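Here is a short briefing on one protein model. Please keep the sequence and the structure open as you read.

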Amino acid sequence: MRIGIDVGGTHTDAVLMDGSAVVAVAKRHTTADVSKGIRGVLDDLQRQRPFLPADVDAVMIGTTHFLNALVEADRLARTAAIRLCLPATAALPPFTEWPQHLRDALHASGHLLAGGHEFTGRRISPLDVAGLRRIGERLGEAGVQSIAVSSVFSPVNAEFEEEAADVLGQVLPDVRVSLSYRIGRIGLLERENATIINASLRLLAEEVAAALRGVVRACGITAPLLLSQNDGTVMDVETVQEYPVSTFASGPANSMRGAAVLSGVRDCAVVDFGGTTSDVGTLRAGFPREATSAVEVAGVPTNFRMPDVLSIAIGGGSLVHPGPPVRVGPGSVGYRLPRRGLVFGGDVLTATDVAVAAGRADIGDRSLVCHLDKELVHHALRDMASRHADAVNSMRTTPGEIPVVGVGGGSALLPEWLEGVGPVIRPEHYAVANAVGAAVAQVSGEVDRIFTISPGRRRQTMDEVRQEAVDRAVAAGAAPSSVVIIDEDDIPIPYLPGEATRIRVKAVGDLRIARRRVPERTVP
């Protein structure tokens, strides 16, 4: 048995799965105290399908805690950035292009030191260890709580970042240090930005991890606790404390993984139709396709692993403007839908009211929308379908018909066929696909860096990288016999010498679960 929980901005969804079967489902409004909401859905699952806490093998949680904290510029640690680079890159210091309110929230300070490497891996200049110690001492006096360290071309050669972490650990043993080569990819500013964001969330991550552990243990569940990450796989809470930025897109990733599992379709488009927005993405081999370009988060350009998702301002709570022309969104009543929507006795025409009037949904009181003009209803549904079709077409990479899996509570508003795209599939339990995606998540291992390949050694190098990816998945908790390679790329880089090639290999496997022998007990 596994429990999957997804904490969204509007709802907290949960499922209890026995093998591949969904045996209980719970949905509650997300509360300010997220732990309280999680305890509530766990209690709901227990009421629907009584189970022994000892029979639960794993609890997987997807949460928006960290992304919300960044967007709201709230609960962020006092953070400094140290770049090892001089005499290069001085024209664009750390925090370039950052919104001022975020800089203020972090009490941001950036520092440049001698160090870094050329794109060939050759040193730009020796690391200024004495200068690093002086900066560390000043940051300690200033009350800095977390430090982001970046070095020019550290994905090619990370020696200076590792050395800097050792030095800072000696000077500031209580300060958290994040290294850019472990977080981002080639592209100095974007990689540095991702590392700064990660550093700013480290203290909050420790608090959240403790709270989540507490609420799960309070229910008597002692099984491993894992959190969803951006690629649709999971990591343990200890890893989350070190890399909270890896959870930012766990919501869309969980929904897409859940769509693949519930529908049985591994290559398709996915529309996650929520209360305020719809997230549109694509699945490749059952996993979300990753974005290949820089991703802007809270106004900051970054380049860490994120699913390629397009959000459009249409959801179940979207306002319907009678026009002409009839238009749905972008305004929304959001979580106030149960009070404001017409079918609930409210005073605002929403997308949900249109769906009920058309017979596509059966919630609230249909008699309260029977007066709606049929032409208005028709044009509103057509507007939503057309804009979703445009979104899917903008995300696809191949011509021809493509199936679309609709998940999320609002997906009932989609037609059976999207014109110019293909059929729409709404699988069973589509409304809680995000929680299902969390519950069935696997463990991954990925290698993504630049290699110098000698003539005649390409095949051997690829085999070595594949094995490294498999080893990383096993180290992260995957059962060795279940690990498979699901994606790989090798791209020659013509501007680098020595047959330089960027190689990316991703392996996934099922979570390794230690079977526990427990005495028989009476189900409460």
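What volume does the largest cavity have? The model is predicted, and in it the largest cavity has a volume of about 50 Å³.

**Cavities**
- The count is three cavities of 30 Å³ or more.
- Pro155, Arg185, Ile186, Asp448, Arg449, Ile450 and Arg502 line the largest cavity.
- Four of these lining residues are charged, three are nonpolar and none is polar.
- Strand 22, residues 443-452, gives the most to this lining, with three residues.

**Second largest pocket**
- The second largest pocket holds about 960 Å³ of space.
- Its lining has 32 residues, and Arg182, Ile183, Arg305, Glu446 and Arg472 are the closest to its centre.
- Strand 10 (234-236), strand 22 and helix 14 (458-475) are the elements that give two or more residues to the lining of this pocket.
- By class, the pocket lining divides into 13 nonpolar, ten polar and nine charged residues.

- Strand 2 (residues 11-18) and strand 3 (residues 21-29) run antiparallel and are joined by eight bridges.

Technical notes: Residues are numbered from 1 along each chain as its sequence is written. This is a predicted model: local features need pLDDT of at least 70, side-chain atom pairs count only at pLDDT 80 or more; totals for chains, interfaces and linings use all residues. Side-chain values use heavy atoms; hydrogens and water are left out. Two strands pair if DSSP finds at least two bridges between them. Helices (H or I, at least four residues) and strands (E, at least two) are DSSP runs, numbered from the N terminus. On a 1 Å grid over the protein atoms alone, a cavity is a set of points where a 1.4 Å probe fits but cannot get out, and a pocket is an open set with protein on both sides within 12 Å along at least five of seven lines; lining residues have an atom within 4 Å of a point. Grid points are joined across faces, edges and corners, and a volume is the space filled by probe spheres set on the points. Ala, Val, Leu, Ile, Met, Phe, Trp, Tyr, Cys and Pro count as nonpolar, Asp, Glu, Lys and Arg as charged, and the others, Gly among them, as polar.
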